[in-house]
Amino acid sequence: MENVHILTQRVSGRGDFLPFSAERTRVNEITETHDLVNKLQTSLVIEDVLAIYAKFVKQILNFSGLQFQSTLGTTQTSDSDTNTIPYIFDLSIDKEHLGQLIYFSQYQLNTAIEKKLRSLHSALVYPLRNAMMYSRVLKLATKDALTGLNNRSQFNDFLSQKLENCRRYQRPFSLMLLDLDNFKQVNDNYGHKVGDDMLREFAKVLDNSIRGTDSVFRFGGDEFALLIEDPEFTTNKVIAERIMCLVRKSPLMSKYKVTTSIGYTLASSQDCDNEIFARADKGLYKAKASGRNCAKAY
């Protein structure tokens, strides 16, 4: 006689379920896993992969949050509550450690649930590794390797998008160009190691001088740019003064007498990429011609 599998009820007050062997046939279980793999393979974005997986696992475990920690950082589902008990699982493929998957739950995980989760991890790891590889490639394509800032390619995309928003939604903004005074002499006289340390230090200065809505970029050499979500000269002056102040306070930059020259301009809905960049560049030239270590608008 064919075996009949009966769905087991949730344990009252615990929020977890009893073993799956009591609720589905092995065939259905394999089919579900295949369906999960197909869904996970629809995205190469780590956040999306995690969200798809979390939606599936919600049918099995009443958890309050799901988080993935790796060398790329921490990713978690949008509605995660991480104030409950963490249950940590290491994810690996062929001795390659991907990271840790952490379930947050107010309920204790029993052995059956842990076993089921581990079996589902085998469906998750390959799509997750693909998403991590894609993230690394994307980062290499858009990030400056030395400073970790956005690169020139990313700047071009950001600038085009901001100009489009400026034209369509009346969202004006500012462009600021910066370079380091006396940097070439430091690089030539003290070596590239000191020069690289200087560039990383300046990148930190810029990161600490902007708001969350602003963006910072490195073009190469000692050339940097900021896109500022504000169309006022006053805001640009405040940010420029903050940058120059932090440069003066930096032990490394003051030791080698390195300062910064800054040029900035305000965007308008009639601007194209080249026009706004040319104006900011003229502002930078004015700062250089005025003795350096200053900011000029154009």
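Predicted model: local features only at pLDDT ≥ 70, side-chain atom pairs only at ≥ 80, totals over all residues.
Strand E5, which covers residues 174-181, and strand E8, which covers residues 259-266, run antiparallel and are joined by eight bridges. Both belong to an open sheet of five strands, whose order is E6-E7-E5-E8-E9 and whose pairing is mixed. At the edges of this sheet stand strand E6 (215-220) and strand E9 (295-297), each of which pairs on one side only. On average, and with direction ignored, neighbouring strands of the sheet are turned by 20° against each other.

## Helices across the sheet

Two helices can be followed across these strands. Helix H4, made of residues 152-169, lies across E5, E6 and strand E7 (223-228), and its direction is at about 135° to E6. Helix H7, made of residues 233-249, lies across E5, E7, E8 and E9, and runs at about 170° to E8.

## Aromatic pairs

The structure holds ten aromatic pairs. One of them joins Phe63 and Tyr103, whose ring centres are 6.1 Å apart and whose planes stand at 75°, so this pair is edge-to-face. Because Phe63 lies in the loop between helix H2 (46-57) and strand E1 (65-70), while Tyr103 lies in strand E4 (residues 96-105), the pair ties together parts that are 40 residues apart in sequence. Phe63 is buried, with a relative accessible area of 3%, and Tyr103 is also buried, with a relative accessible area of 0%.

Another edge-to-face pair is formed by Phe155 and Phe277, with 6.2 Å from centre to centre and 65° between the planes. Here too distant parts of the chain are linked, since Phe155 belongs to helix H4 and Phe277 to helix H9 (residues 273-289), 122 residues apart. Phe155 counts as buried because its relative accessibility is 1%, whereas Phe277, at 22% relative accessibility, counts as partly exposed. Ring pairs also link Phe155 and Phe277 with Phe158, Phe217 and Phe219 into a cluster.

## Charges over rings

Some of these rings also have a charged side chain placed over them. Lys58 lies over the face of Phe63, at 4.5 Å from the ring centre. In the case of Phe219, the charged end of Arg152 sits over the ring, 4.3 Å from its centre.

## Nonpolar cores

How many residues does the largest nonpolar core have? The largest nonpolar core has 31 residues, and those with the most contacts inside it are Tyr53, Phe68, Leu101, Tyr103 and Leu117. At least two residues of this core are supplied by each of helix H1 (26-40), H2, E1, strand E3 (85-93), E4 and helix H3 (111-142). The largest share, nine residues, comes from H3.

A second, separate core has 28 residues, and Leu149, Met176, Leu206 and Leu226 are among them.

Key: Residues numbered from 1 in each chain as written. Heavy atoms only, no water. Pairing = 2+ DSSP bridges. Helix = DSSP H or I, 4+ residues; strand = E, 2+ residues; numbered from the N terminus. Axes fitted to C-alpha atoms, helices over the stretch in contact; angles between N-to-C directions. Contact = heavy atoms within 4.5 Å. Phe/Tyr/Trp six-rings, centres within 6.5 Å; stacked < 30°, edge-to-face > 60°. Buried < 20%, exposed > 50% of the residue type's maximum accessible area, 1.4 Å probe, protein only. Lys NZ or Arg CZ within 6 Å of the ring centre and 35° of its normal. Core = buried A, V, L, I, M, F, W, Y, C linked by side-chain atoms within 4.5 Å.
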